[in-house]
Amino acid sequence: MAGVHLLRLLHPRVQFATKTLSVNKFSQKLILHSACYNPAGLAKSLSSAQYIKSTYKHSRNTDDSVSQQQFLKVFALTRTQEQFHKNVPTVFHSKIFAKSPLTSGLDSCRTVGPLALYMDETRRHFSLNPRKIVEQSPKRLRPYLQLIRLDKPIGSWLLFWPCAWSIGMAAAPGQLPDVGLLFLFGVGAVVMRGAGCTINDLWDIDFDKKVARTRFRPLASGKIQPREAVLFLGAQLSVALCILLSLNWYSVFLGASSMLLVITYPLFKRVTYWPQVVLGLTFNWGALLGWAAVQGSCDWSVVLPLYLGGVAWTMVYDTIYAHQDKADDILVGVKSTALRFGDDTQKWLTGFSGMMVSGLLLSGLMCQQTWPYYAAVGLTGAHLYNQITTVKLNNPEDCWKKFRSNHRLGAIIFAGIVAGTILKGANSDKKESTDKKQ
């Protein structure tokens, strides 16, 4: 056996790899051990790693255009995946790259992804991280997951929170919100957000090809054909219909009436500078539907202020989001509130923030909420103030960061509703006991 191992260690490909690639002592042991079992595969894989490092270094240190750098990254990723899947099927080899200086230069693996993606795919760790779920998904399925933005769950959260607020508001005093309904609406939010993204990309396929941030979307890049996207959309809407039919009939008709907004929203950016208004009306429909699902009908004195407050909230976060693409929007002819407000954006956002806080306060008064709810509304106002005063509207990365922070804002309001409803029940019990004593 030792003789066989020695012969394999003298394999010309292994000799070439160990001579041309610098590794530390720990990695050398791993290389020699793994070479005894798969010398050709090891050598090819090490060569691929060296290729990735040199390619990535070239793309990072040159002044090529963004598209050229992106091409180099995608090319390196494609080649690496092919080499690794063909030649290195073991987890053992990934340790070589993790411990070797070969990976020392890859300080942005989350962006470039080749080596990190390989290690994840060989080990196949179970993960709830949406980005990793998409990266580890089968190759044929991956474009569809990217089409529904599964790797960017912020949109699903922004669609879910108004539903959760309304379900929490409709809960009986002293009771927690219906967990089953929250789960059902959570799944529905993911499905309908995905359907909305599919509809949007079908309408905007020509625009997306001209915008730097969207040109690599599955439809714009040709990974998915329009006919396939339409069939996929039908499947998504079928799932959404099944979820809707599990609710009462009032909710079924109320939910179905929102489809006109869902389908036509992408068209408004072509004709008006206020498409965010239509998006707000669409995204916050759950503020009406959640209450109806619990109570069987809508108490408009409660849900209408909540709904309008949510619309104002959408005006805030989606205007900030639209500032990422304002340069491209001007070139392709797409309209948005970011272009309409211009240098006065922060003044407009301050007004919409005031409308949101006012809507939340009125909704709380109408359903007799308690101090935890109003404390959450106060924190909401502070959060909005921080967003508006610190956002750098000419910095796309900061706009994205502020946009994402609205997930936390939605959670703050929901926590305040739950705590306020529980305390409302405790206060009513005290009042009843006091009345009995008298």
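## Cysteines

Cys242 is exposed in this predicted model. Its relative accessibility is 56%, and the cut-off for exposed is over 50%. Cys197 is buried. The relative accessible area of Cys197 is 10%, against a limit of under 20% for buried.

The disulfide count is zero. A disulfide would need a pair of cysteine sulfur atoms within 2.5 Å.

## Aromatic pairs

The model holds 19 aromatic pairs. One of them joins Trp157 and Phe160. Their ring centres are 6.0 Å apart. Their planes meet at 75°, so this pair is edge-to-face. The cut-off for that class is over 60 degrees.

Both residues belong to helix H11, which covers residues 154-170. Trp157 and Phe160 are three residues apart there, so about one helical turn separates them. Trp157 is partly exposed, at 34% relative accessibility. Phe160 is buried, with a relative accessible area of 11%.

A further pair is Trp165 with Trp313. Here the ring centres lie 5.2 Å apart. The planes are at 35°, so the pair is tilted. Stacked would require planes under 30 degrees apart.

## A link from H11 to H20

Trp165 sits in helix H11, and Trp313 in helix H20, residues 300-322. The pair therefore ties together parts that are 148 residues apart in sequence. Trp165 is buried, at 0% relative accessibility. Trp313 is buried as well, with a relative accessibility of 0%.

Trp165 and Trp313 are also members of one aromatic cluster. Tyr317, Tyr321, Trp400 and Phe403 are the other members.

## Packing of H20 and H23

H20 also packs with helix H23, residues 345-366. The axes of the two helices are 8 Å apart. The angle between them is about 160°. That makes H20 and H23 roughly antiparallel, because the cut-off for this class is over 145 degrees. The crossing of H20 and H23 is left-handed.

## A charge over a ring

Lys335 and Tyr273 make a contact of another kind. The charged end of Lys335 sits over the ring of Tyr273. The distance from that charged end to the ring centre is 5.7 Å. The limit for such a contact is within 6 Å.

Notes. Residues numbered from 1 in each chain as written. Predicted model: local features only at pLDDT ≥ 70, side-chain atom pairs only at ≥ 80, totals over all residues. Heavy atoms only, no water. Phe/Tyr/Trp six-rings, centres within 6.5 Å; stacked < 30°, edge-to-face > 60°. Helix = DSSP H or I, 4+ residues; strand = E, 2+ residues; numbered from the N terminus. Buried < 20%, exposed > 50% of the residue type's maximum accessible area, 1.4 Å probe, protein only. Lys NZ or Arg CZ within 6 Å of the ring centre and 35° of its normal. Axes fitted to C-alpha atoms, helices over the stretch in contact; angles between N-to-C directions. Parallel < 35°, antiparallel > 145°, perpendicular 65-115°, else oblique. Left-handed = near helix turned anticlockwise from the far one by under 90°.
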